[in-house]
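Q: Please take a close look at one part of this model, a helix residue and its surroundings, and then follow the side-chain pairings elsewhere in the chain. Give the cut-offs as you go.

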Amino acid sequence: EDLQLLLGPRTFAVSALRSRPQERNPPVQMDVSQGLVRDHRGQIVELDYAFDETATGGLIFETVWEDAVQKSLTGGSALLIAYGLAGSGKGHSLFGKDGLIMKTHEYLEAELAKISATLCVEFFEIEQELAYDLLAEDTTQRHRVRWGKDMTKVEGVEPYIMDVNTALLKGLEGRNKRREVGSGPPSIRTSQVFNIHIFLEHCE
C-alpha cells in the first residue's frame, strides 16, 4: 500500500516506482541506484528507476518525465500513468504542489514563452463507463466514453484554452464538488485523466 508505479515513455516505456513514507514493519527494501525493490513477500521487482520517500517531485520529473514533455513540443506525444492501491500517493505525485503536473506546467511555461503556441487542456474523471468534465461549471453532467482501437473519445468534452496551473486548481476544485454531491456509491473506483494539447495555432 506504500508503493506506486509511474510509467513515463521516452522512445519506449519507462517504469519507475516511488515509495511514500512507509508504515510497514518491516519496510519495503529498495536499491535506489539499481532500481530494485523487494516487496514484503520477498519478491524482487526490477524497474528503470526507484525513488524513496526523500525524492522530490522535481527529481522525479527530471529523471522520468522531462524528456517526454520536451519531445511533445516537437510533435510527439507522451503518456504518464500512475498506478497503485488507494492511499499509495498517486494523487500527491501527480496533482500535489510538488507533483508532476505542476512541474510540467513550470517547464511548459518557460518553453512556450519562446514559441507561438496555444495550450489547451482537459481534466475529467472516469467512473465505470461514464466521464465527468472537472473543468465544466456543472461537474456532475455525465459524458459517455467511446472506447476505440486507436483512440478513446469522451463525448461532449472539448479542450479548454487554459494554462496547466489554472486547469489543475479548477479541476481539483471541480472534483471535490462532484464528490460532495455524491454522484455514485463511494465504493466505485474512479480514474482522473489530465490531457495537455499543444497547438502551433489554435485548439482543434
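A: Thr104 sits in helix α3 (residues 100-112); helices are DSSP runs of H or I with at least four residues, strands are runs of E with at least two, and both are numbered from the N terminus. The model is predicted, so local features need pLDDT of at least 70 and side-chain atom pairs count only at pLDDT 80 or more, while totals for chains, interfaces and linings use all residues. Residues are numbered from 1 along each chain as its sequence is written, and side-chain values use heavy atoms, with hydrogens and water left out.

Thr104 has a relative accessibility of 4% and therefore counts as buried (buried is under 20% relative accessible area, exposed over 50%, partly exposed in between, with a 1.4 Å probe and protein chains only). Apart from neighbours within four places in sequence, Thr104 is in contact with Phe61, Trp65, Val69 and Ile196, where contact means heavy atoms within 4.5 Å. Phe61, Trp65 and Val69 are among the buried residues of α1. Helix α1 (residues 57-72) has a kink of about 65° centred on Trp65; the bend at a residue is the angle between axes fitted to the seven residues ending there and the seven starting there.

Aromatic pairs come next. The structure holds 4 of them, a pair being rings of Phe, Tyr or Trp (its six-membered ring) with centres within 6.5 Å; planes under 30 degrees apart are stacked, over 60 edge-to-face, and the rest tilted. The ring centres of Phe95 and Phe123 are 5.4 Å apart with planes at 40°, so this pair is tilted. It links helix α2 (residues 90-95), which holds Phe95, to strand β8 (residues 118-127), which holds Phe123, across 28 residues. Phe95 is buried at 11%, as is Phe123 at 0%. Together with Phe194, Phe95 and Phe123 form one aromatic cluster.

Glu125 and Arg178 form one, at 3.0 Å from N to O. Glu125 is in strand β8 and Arg178 in helix α4 (residues 164-181), so the pair ties together parts 53 residues apart in sequence. Glu125 is buried at 0% and Arg178 at 3%. Arg178 also forms a salt bridge with Glu127, with the closest N and O atoms 3.1 Å apart. This pair joins helix α4 to strand β8 over 51 residues, and Glu127 is buried, like Arg178.

How values were computed. A salt bridge is a side-chain nitrogen of Lys or Arg within 4 Å of a carboxyl oxygen of Asp or Glu.
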